[in-house]
Amino acid sequence: MNSSKPRRFRNGFVVPLAELPQLDYAIFSESLLAEVAADARIASYFGRPLADGLEIYAILAHDWNGKLSLLRTQVNGSFPSLTPMCPQLHLFERELSEQYGVRPDKHPWLKPVRFHKTWIDAADIWGRPHGKHPVPGDMEFYRVDGEEVHEVAVGPVHAGVIEPGHFRFQCHGEEVMHLEISLGYQHRGIEQMLIGGPHPSTIYLLETSAGDTTVGHATAYSQLLESLAGCEAPLRAQAIRALALELERLANHVGDIGALAGDIGFLPTASFCGRLRGDYLNLTAELCGSRFGRGLVRPGGVGFDLDGTFPQTFVERLKILKRETRGAIDLCFDAPSVLARFEGTGLVRTDDAEALGMVGVAARGCGLVRDARLHHPFGIWEGGFDTPIIELDGDVFARGNVRRREINASLELINQLLRGLPQGPISQPLGPLAADSLAVSLCEGWRGEVVHAAITDASGRIDRYKIVDPSFHNWSGLSMAMRGQQISDFPLCNKSFNLSYCGFDL
Amino acid sequence: MLTIIRERLRQGHRTGKYPKVEPILPERFRGLPQLAQNLTPQRCADAVASCPFAALSSNGGKLRLDLGRCLFCADCPAAADHAALAFSNDYRLATSRREDMLLDDNVYNVAERLNKSMRKLFGRSLKLRQVSAGGCNACEADLNVLSTLVFDLARFGIQFVASPRHADGIMVTGPVTENMKSALLDTYAAIPEPKLVIASGACAIAGGPYCDSPEAHQGIGDLLPVDLYIPGCPPHPYTALDGLLRMLGRIG
C-alpha cells in the first residue's frame with residue numbers, strides 16, 4: 001500500500017511546519033482514507049495558499065487513543081475528490097473550492113458553501129461573474145420531479161427571532177423526501193480578518209464567531225495561543241474556564257429543552273425553562289459581567305476570579321436552580337403526550353451520523369461516544385472527566401434526553417469544580433508565538449467539539465486560522481433527520497439539533 | 001395534570017416588577033461608561049489609539065466615546081491601561097439619535113418618546129419583525145429572553161411577529177452582511193407604513209467587531225432610517241426593554 005503513517009499528537013500540540021512531510025496527493029489520499037477506515041474522523045481540513053498552489057492540511061481525530069494526527073499535501077487546480085469515499089469531507093472540499101478556486105474532481109455535490117468571492121486571485125469555479133459578490137442561495141438545488149411532488153422554500157428570514165438560512169424541501173404531500181440547506185447569510189469573513197494577527201480585535205471576533213458559544217470558542221483560541229507561546233494557563237484559570245463552559249452548556253441545554261417543549265405546545269416546561277436559562281446566564285454575568293461570558297476567557301488565563309464569597313454563592317444558587325430545573329424538565333419527559341411526539345421523530349442512524357462525521361449532542365444522541373472532554377482532555381479535564389452521556393435511538397427524544405442527562409452531569413461537575421478550586425493566579429503573560437508552526441486545539445463546547453487550528457509565519461504572526469464549529473459537521477445530520485418526516489415536524493427536528501448559523505458561516 | 005399544577009406552584013410567580021421596581025444587575029455588569037475628566041493630551045491620545053474598534057476619539061483634546069461602537073469590553077485598554085474611563089452599572093443606554101450616543105461630558109441623552117401621532121398608533125400595541133443580519137446570535141438570544149415570563153414583553157403590548165405584513169417596525173441585529181442586505185431591505189419594504197426601525201446591538205449600530213469586515217456593512221445607519229438605537233454587545237435585555245418603553249412613552 002502506498003500510504004504514509006502520520007505522526008500522532010495530543011490536543012494542544014504545536015509542530016514546526018518543517019517537521020511535517022508534504023505528501024504527494026495520491027499518498028495523502030490513501031493515508032487519509034486508511035486512517036478513516038481504521039479509527040479516525042475528520043476534525044478539520046483546510047487549505048493555505050502558497051505561491052505555486054494550495055497546501056491542504058487534514059487533522060484527524062483518533063478518539064479512543066486520545067490522539068490527533070496530521071497530513072499535509074499540495075494541490076494545483078484540480079485533484080480527485082475524496083468525498084465519494086469519505087462523505088464527512090463533503091463540506092470541507094466545497095469550502096476549498098469556494099475559497100481558493102480549486103476543483104475536487106467528481107465531488108458529487110460541488111456547490112458553494114458561504115457565497116463569497118474567492119480569497120485569492122483565482123477564477124470562480126462556478127463561473128460566477130468576476131469581481132462581483134455572489135448572490136446567496138444562487139445554486140442548483142437537488143430536485144425531485146414527479147407527479148404530486150412539490151418544493152417548499154423557507155428563508156433566509158425565518159418566523160422567529162433567529163438567524164437566517166435557506167431550507168429547500170422536496171416533498172410528496174406532507175412527507176419530506178429531501179431537505180437541502182443553503183447557508184452563508186451570516187458570513188462575516190472572520191477567518192480572513194484573523195490573518196496577520198493576533199490583533200487587538202482577534203479575541204472579540206472569536207468570541208462572536210458563535211455568540212452562544214463564546215466561552216467555547218474563546219477557550220479553544222486561548223488554548224491554541226498558549227500552546228504556540230509554549231505556556232499553560234494557571235490551574236485556577238483552567239478551572240474557571242471549565243466551570244464557565246459547563247454554565248454555557250447548562251444555559252443552552254435548559255433553553256433547548258424549553259424550546260423543544262414549546263414546539264410541541266407543552267407550555268409549562270417551555271415557560272419554566274425560558275426563565276431558568278436566564279438564571280444560568282445571570283450566573284455567568286455574576287462572574288464576568290456578561291451573560292454570554294464575554295471578557296472571561298483570555299489567552300494566558302481568565303479575566304475574572306471566583307474569589308471571596310463567589311464559590312459559596314454559586315453553590316447556594318445552583319442548589320436551588322438544580323431543584324427547579326429538574327422539576328421543569330421531568331414534567332416534560334414524564335408526559336406521555338410529549339414522548340409520543342419526541343420518540344421516533346427525526347431519526348438519524350448511527351451509521352449515517354458516523355459517515356457524516358457528526359459531533360457533540362447530535363452524535364451522542366445517535367450512540368456515538370464523541371466528547372472532547374473525555375477523548376481529548378485539556379488542562380483541568382486531564383483524567384477528570386469519565387462520564388460521556390449517550391443515547392442510542394438517534395431521534396428527537398434521544399437528543400433531548402442527552403441534554404437532560406448532561407444538565408444533571410454539568411451541575412455535578414460545577415459542584416466538583418467549586419469544591420476543589422485550585423489556589424493561585426488566574427493568568428500569566430504570554431510570550432511570543434512559535435514561528436512557522438501549526439497548532440491545534442479542541443474544546444467541547446455545548447453543541448460539540450470546537451476545533452481551532454493556526455499556522456504561523458516566519459515572524460510568529462497568524463498566516464492561516466481555521467475554525468470548525470460543531471455545526472459545520474452537524475447541519476447535514478439535520479438533512480438526514482428530515483428524510484421521511486412530515487414537513488410540519490421540521491421545527492421540532494431543527495430545534496433538537498439547534499445548530500449555529502453564524503458558527504457555520506463565520 | 002396535578003403534577004403540572006404542583007410544579008407551577010413550586011416554580012412560583014417569576015415576572016419581574018419592572019419598570020416599577022429597578023432591576024438588580026450583577027456587580028460586574030458593564031453599563032454606561034464614565035469618562036475621566038482632565039486627561040492630559042498624551043493620556044487622551046493613548047486611550048484613543050488603544051480601542052480596537054475606534055469607539056474613542058479626541059474632540060478638541062477632550063476624550064469622546066461613541067457608545068454605538070463600544071463593545072463594553074471587560075479588558076477595555078482605555079479603562080485598564082490608561083484610566084480614561086470606568087464602566088458604571090447603569091443599563092439605560094438606548095437613544096433616539098445616532099449623535100446622542102457620543103459621550104464627552106458625561107451627560108447622556110437617553111431615548112425620547114415618539115411624537116404624539118406615532119404614540120397614538122404604537123403606544124399600546126407594537127408588533128416587531130426581527131431580522132438577524134449577520135448577528136452572532138447573542139443579540140438574538142437576549143431579545144428572545146424578553147418574551148420569557150421574567151420580562152413578559154407582551155404585558156407592554158410589544159410582540160415579535162413572524163410576518164413583516166403584521167409588523168409595525170423592524171428590529172435589526174448584526175452588522176448587515178453583504179449576503180443579508182437584500183433580504184433585510186425586502187423585509188423592511190414589506191412592512192406597511194408608518195413603520196419604526198430599531199438597531200439593536202453594536203453590530204447593527206456601527207458594525208461592532210465586524211466594522212472592518214469587507215463582507216459586512218457598518219450597521220444599518222446607511223440603509224434604513226433608525227428610530228431607536230440600543231447599544232451593547234449584546235445589549236442587556238433590560239437595556240432593550242428600557243429603550244422600547246422610553247420610545248413608546250411608557251417610562252421616562
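Let me begin with a single pair of residues in this predicted model: A:Phe167 has as its bridge partner A:Ile181, which belongs to S10(A). In general, the strands of a sheet pair through backbone hydrogen bonds, in either a parallel or an antiparallel way.

If we now step back, what is the order of the strands in this open sheet of chain A? The sheet has three strands, arranged as S8-S9-S10, and the pairing is antiparallel. Strand S8 (149-154) and strand S10 (175-182) of chain A lie at the edges with a single partner strand each, and so one side of each has no neighbour in the sheet. On average, and ignoring direction, neighbouring strands here are turned by 20 degrees against each other.

Let me turn to the contact between the chains, to which chain A gives 51 residues and chain B gives 52. On the side of chain B that touches chain A, at least two residues come from each of helix H1 (2-11), strand S6 (126-132), helix H5 (138-144) and helix H6 (178-190) of chain B. Sorted by class, that side of chain B has 27 nonpolar, 13 polar and 12 charged residues.

Finally, a word on confidence: the model scores ipTM 0.95 and pTM 0.96, while chain B has a mean pLDDT of 94, with 100% of its residues at 70 or more.

Methods
Residues are numbered from 1 along each chain as its sequence is written. Chains are lettered from A and ligands numbered from 1 in the order in which they are written. This is a predicted model: local features need pLDDT of at least 70, side-chain atom pairs count only at pLDDT 80 or more; totals for chains, interfaces and linings use all residues. Two residues are in contact if their C-beta atoms, placed from the backbone, lie within 7 Å. Helices (H or I, at least four residues) and strands (E, at least two) are DSSP runs, numbered from the N terminus. Ala, Val, Leu, Ile, Met, Phe, Trp, Tyr, Cys and Pro count as nonpolar, Asp, Glu, Lys and Arg as charged, and the others, Gly among them, as polar. pLDDT is the predictor's confidence in each residue, from 0 to 100. Two strands pair if DSSP finds at least two bridges between them. Axes are lines fitted to C-alpha atoms, for helices over the stretch in contact, and angles run from 0 to 180 degrees between N-to-C directions.
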